[in-house]
Amino acid sequence: MAAWSSSPSLRHLLFRPRLPLSPTCLTGSSRRHVHRHSRQRLFSSTSSSTLTHGDAASTHGDGDGVVDVNPPRGTRDFPPEDMRLRTWLFDQFREVSRLMAFEEVDFPVLESEALFIRKAGEEITQQLYNFEDKGGRRVVLRPEITPSLARLVIKQGKSVSLPLKWFTIGQCWRYERMTRGRRREHYQWNMDIFGVPKVRAEAELLQAIVLLFQRLGITSLDVGIRVSSRKVLQAVLNMYSIPEHLFAQVCVIVDKLGKLTREEIEKELMSTGLSSEAVRGIIEVLSLKSLSKLEEVLGSGVEAVADLKKLFSFAEQYGYAEWICFDASVVRGLAYYTGIVFEAFDREGNLRAICGGGRYDRLLSTFGSEDIPACGFGFGDAVIVELLKEKGLLPDIPRQIDDIVFPLDEELEGPASSIASSLRKKGRAVDLVEDKRLKWVFKHAERINASRLILVGNSEWERGMVRVKILSTREEFEVKAGELE
């Protein structure tokens, strides 16, 4: 440490930024009030420096010993003001999960690569941060959470009773092209239900999503939830006698509807061996936006139609029918989905899917275990913050400290330490400040939104007293040091 203090020029050189850093201040004046002005920097927004600095400079340093202080491309730092926002959002996730009677679980970010290597050309298998560890094992930074959850369910076995209602908030990694609301690392809120075969489980999950939106101030005019079923596509494939082994591959392709042109989708489907007649039939059915029209095409006896009608009936009973709509094109890109699927979208169409999920009744058998009916969703932190910013709904959350304790003389540092320690044991957040001018202390109190300033002065301390200033009212009084609460 002595070398640091004696060599300020070296410290300046090592930490000199190679590129301009994004502004880190969040403006605002009141605690947890809605801040409706644009922010320069948000913990989940993709700033221009985030998108470019990884290409402009190496994160490993250069020959001059200058370290690039930016994080790796597509990742984020969380300085205090951004961390407060992240904590606030995660608290919303946890509160909705509590209201829905879910229990929290967690898993390692580092998982076995085999857990995420699947067939059918899923995009996710091309986006893995995977490598061989020092023990020669193939590992991966998890790109999603559901397989980790399935692994834990298998591990727990019969020691847990069904149904399981679990949630987690975890970091995920995908090496992919970045756009607004999409980055290479993000945090994801997952809620999953194991052991409920009926669509009641999906209805519960959809209520959780709607509850979160409502708590954040988002309405059904801002956001909708598209709902369909993988069984719709399965019924269409059965109509054209398409082999079962092509189902997952077709799902991955048609999930690109809206991202690729119809001609490109048709070309990819034809490349799997489907006839032109089957391709046209698939596209026509997946273009339907009406459940009654779907029933006309497939018939009322088809399981997919019955499931969807039941779900929409539940939506009426729960009171969120205006949030959901039928859209046959929703199939979700992950191969393990087996039934109802859904995804939330912003109605203005400026953002990618806000969240998505569905039923995956046959996932456990892919890991060599007995299948259990299951469904769940993943809800990322990046897109929702973009939406909140767009709607002027991001809260302003300043730092909040209960007390500042300040000794007016150096010989009173011991008593000040004792007072600070006593208050902390009583549950108050206390900042102990020394070696500053009183004018600086008052400005500091304003910066950190402190409630009280406790001054330890010689004349007061000789009488066993301290001076207390209530900063919101400017009221001042003396109180016995032992009676501070």
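Strands β8 and β9 (residues 324-326) pair in the parallel sense over three bridges; strands here are DSSP E runs of at least two residues and helices are H or I runs of at least four, numbered from the N terminus, and two strands pair if DSSP finds at least two bridges between them. In this pairing Val 227 stands opposite Phe 326 of β9. β8 is also joined to strand β10 (residues 340-346) by seven bridges, and these two run antiparallel. Here Ile 225 faces Ala 344 in β10. Six of the seven residues of β8 (residues 223-229) are buried, so the strand is largely enclosed by the rest of the structure. Buried means under 20% relative accessible area, exposed over 50%, and partly exposed in between, with a 1.4 Å probe and protein chains only.

This is a predicted model, in which local features need pLDDT of at least 70 and side-chain atom pairs count only at pLDDT 80 or more, while totals for chains, interfaces and linings use all residues. Residues are numbered from 1 along each chain as its sequence is written, and side-chain values use heavy atoms, with hydrogens and water left out.

Side chains of opposite charge can pair when their charged atoms come close. With a salt bridge defined as a side-chain nitrogen of Lys or Arg within 4 Å of a carboxyl oxygen of Asp or Glu, the count comes to 28. One of them links Arg 359 and Glu 202, whose closest N and O atoms are 2.7 Å apart. Arg 359 belongs to strand β11 (residues 355-359) and Glu 202 to helix α6 (residues 200-215), so the pair ties together parts that are 157 residues apart in sequence. Both Arg 359 and Glu 202 are buried.

Another salt bridge joins Glu 485 to Lys 426, with 3.9 Å between the closest N and O atoms. Glu 485 lies in the segment after β18 (475-480) and Lys 426 in the loop between α14 (413-425) and β15, so parts 59 residues apart in sequence are tied together. Glu 485 is exposed, because its relative accessible area is 58%, whereas Lys 426 counts as partly exposed at 39%.

Salt bridges also link Glu 460, Arg 463, Arg 467, Lys 469, Glu 476 and Glu 478 in a network.

On the surface, Lys 436, Lys 439, Lys 443 and Arg 447 gather in a patch of positive charge. Such a patch joins like charges within 9 Å, using residues with over 30% relative accessible area and no salt bridge. Lys 436 is found in the loop between β15 (430-432) and α15 (438-447). With a relative accessible area of 41%, Lys 436 is partly exposed.

Technical notes. Patch = residues over 30% accessible without salt bridge, like charges linked within 9 Å, V, L, I, M, F, W, Y side chains within 5 Å. Areas by Shrake-Rupley, 256 points an atom, 1.4 Å probe, with all protein chains shown as cover. Lys, Arg positive; Asp, Glu negative; His and termini not counted. Charge placed at Lys NZ, Arg CZ, Asp CG, Glu CD.
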